[in-house]
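Trainee: I would like to go through this model with you, one question at a time.
Mentor: Go ahead, and keep the questions specific.

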Amino acid sequence: MQKVYEALKQGDEIRSNLIELKQMLKEEGALDTYLSMTEDDELIASFLQNQDPKIRKNAAIILGLLQSQESMDKLWDAYLAETQLFVNSSYLSAMQKLDCRAYEKQLKDRYQQLLACEPSQEDLKHVQEEIKELRRIVIQFEGGITKHRFTGYGKPQNFILTTVKNYQDTTAVQLEFGKLKIIPMGVQVAGGDIREALNLRTFRELLFTLRCRKNLPSQPSVIARELAQSDLTRILSELHEGEAPFYFRLEIKSAMPLDKKSAFVKKIAAELEQRTRHFLVNSAEHYEVEIRLMENRTGGFYPCLKLFTLPMKRFSYRKYTTASSMHPSTAALLVELSSSWLKDYARVMDAFCGTGTLLMERMYALAVRTAYGTDTFGEAVKGARENAAIAHMNINFVQRDFMNFTHEYPFDEIWADMPARGNRTKEEQDELYQSFFIHAKSLLKEHGRIFLYGNENGFVKKHLRLQDDLSLKQEFCMREKDGTYFYIIEKVKSEKVKPAERSAQKNLQEDPDGPVGNADHKMDNKES
């Protein structure tokens, strides 16, 4: 750094050395090193007068990194005198890191001036960058962003409840209000009741529909125009208390490469801001609105709206999760699918409970007598206990391998979100399923049930064939792509002759005059 600094003092290769210094200052501890070399920032501030606009730009950025309050007035003067639009945002970025309240009125006036202007296509990008930096400063002046409050409960609304594919009906039959239509992503509701929808547990997301073309072409300018001309701004105004702007983000559900998607999003967002006269403001930090564009098979995009202002309290107990945690709407769907097989006031356990989601959704559906959950992952068990406390549920979570768990009385239901194969071999996974079924039977009362979720259909069917006292009552294909199924299995009385009984029958056949009483006793046991 000393060498770069000395070169700048000599005026050698100013642009390249400023760029190098800028990169150095972003490293940990570099600021202290620089400050130990000089007592002021006069050298860097002097480059704000340089004829090369890229030198001015980099000098401004460095003054921001140095948090040089002494340079505030010089930054402001340079900003006012700047003739190149692309440099302006750098002055403002530096000012954000300083106390610029002395220029509050001028900065706010400049912000309003730019919001009202209509720049040429050539200048649009640079003006948008300047507006973005000015907005951040104005937000600082005003103590942060004022959040909007959702108030759209009273009137019928049009929305989509997204669901697991092929199980849209499970959610649809729970709705009493609105005109319903089954679509690939879920249930489309026209004139629905928001409060009623929010009480359902089997949908994943609630998305508002827009009145515009439903198959938007993959052209950013056309998409921005269609969104701006739709009822998007009206929906936001009518459903909320509070004035514009509304901060948004764009979410593109598409297979396009990441770099292409990023450029696609930026173009749409910039033009949408301009077309709505900044009623909508793109922000990766403060957004309350997500505009979602979902690509279809023809390459077009279906638009809809997700509101983070809409309180979602269905799964508020779920404070702690792990990477393998089941989504609560999936857990709720499994419970709903098995509703006719559940027992009221049952003794219930979850063999691989994780943070408790599946077990807790079971308890939301129907009252239980006792509930147990086992898992070997200590952090998950700790999280499960915290989640249960939030939900005010009395659940016994035990950090133990299910295969080693014993209990003084049998259970009515055993739930299992089976562990993924991961690094286990096929043989090891086969053994896991075999051990699970054998041990689950030992913990179940007769006619007790196993509710099993997993993607090893072959192992499930194999071990059900081997375990004649387990009967498959119902199965659901949850995801055809990866072969994920949900099974409802009942423990029944074995129809096979046990080894001890077979031995007694053989002795009786070989010695008709033998101990008949003992043989009869064995046979009585078989019949009882």
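Trainee: Is His447 exposed, partly exposed or buried?
Mentor: This is a predicted model, and the class follows from a computed relative accessibility. Exposed needs a value over 50% and buried one under 20%. His447 has 47% relative accessibility, so the class is partly exposed.

Trainee: What is phi of His447 near?
Mentor: His447 is found in strand 15. The phi value is positive, in a residue other than glycine. Phi of His447 is near 70°.

Trainee: Which residue in strand 15 is the bridge partner of Glu413?
Mentor: Strand 14 (residues 411-417) and strand 15 (residues 444-454) pair in the parallel sense, over six bridges. One of the residues of strand 14 in a bridge is Glu413, with Val348 as a partner. In strand 15, the bridge partner of Glu413 is Arg449.

Trainee: In what sense do strand 11 and strand 14 pair, parallel or antiparallel?
Mentor: Six of the seven residues of strand 14 are buried, so this strand is largely enclosed by the rest of the structure. Strand 11 (residues 346-350) pairs with strand 14 over three bridges, and the sense is parallel.

Trainee: Which residue of strand 10 is the bridge partner of Thr209?
Mentor: Strand 5 (residues 206-209) pairs with strand 2 (residues 157-162) in the antiparallel sense over three bridges, and Leu206 is the bridge partner of Leu161. Strand 5 also pairs with strand 10 (residues 301-307), again in the antiparallel sense, over two bridges. In strand 10, the bridge partner of Thr209 is Cys304.

Trainee: Which residues of strand 5 are buried on each side?
Mentor: In a regular strand, side chains alternate between the two faces of the sheet. Both faces of strand 5 are covered.

Trainee: How far apart are the end C-alpha atoms of helix 9?
Mentor: Helix 9 (residues 121-141) has 21 residues, and at 1.5 Å a residue it should span 30 Å. The distance in the model agrees with that expectation: the end C-alpha atoms are 30 Å apart.

Trainee: What do the buried residues of helix 9 pack against?
Mentor: The buried residues of helix 9 include Leu124, Val127, Ile131, Leu134 and Val138. Charged side chains are on the list as well, among them Glu130, Glu133 and Arg135. The elements they pack against are helix 6 (72-81), helix 7 (85-96), helix 8 (104-116), strand 7 (246-253), helix 14 (258-275) and strand 8 (280-282).

Trainee: Which element supplies the largest share of the lining of the second largest pocket?
Mentor: The second largest pocket holds about 900 Å³ of space. Of its 29 lining residues, the closest to the centre are Glu129, Lys266, Ala269, Ala270 and Asn282. Helix 9, helix 12 (220-229), strand 7, helix 14 and strand 8 each supply at least two residues of the lining. The largest share, nine residues, comes from helix 9.

Trainee: How many residues of that lining are nonpolar, polar and charged?
Mentor: The count takes the residues of the lining of the second largest pocket by class. They divide into 11 nonpolar, seven polar and 11 charged.

Trainee: What covers the buried residues of helix 12?
Mentor: The buried residues of helix 12 are Pro220, Val222, Ile223, Ala224, Glu226 and Leu227. What covers them includes helix 13 (232-239), helix 14, strand 9 (289-295) and strand 10.

Trainee: What is omega of the cis peptide bond that joins Ala244 and Pro245?
Mentor: Pro245 is found in the loop between strand 6 (240-241) and strand 7. The peptide bond from Ala244 to Pro245 is cis, and omega is about 10°.

Trainee: Is Gln67 buried or exposed?
Mentor: Gln67 is in the loop between helix 5 (53-65) and helix 6. Its phi is positive, near 50°, in a residue other than glycine. At 53% relative accessibility, Gln67 counts as exposed.

Methods: Residues numbered from 1 in each chain as written. Predicted model: local features only at pLDDT ≥ 70, side-chain atom pairs only at ≥ 80, totals over all residues. Heavy atoms only, no water. Helix = DSSP H or I, 4+ residues; strand = E, 2+ residues; numbered from the N terminus. Expected span 1.5 Å × (residues − 1). Buried < 20%, exposed > 50% of the residue type's maximum accessible area, 1.4 Å probe, protein only. Contact = heavy atoms within 4.5 Å. 1 Å grid on protein atoms, 1.4 Å probe; cavity = no way out; pocket = protein on both sides within 12 Å on 5 of 7 lines; lining within 4 Å. Points joined across faces, edges and corners; volume = space filled by probe spheres on them. Pairing = 2+ DSSP bridges.
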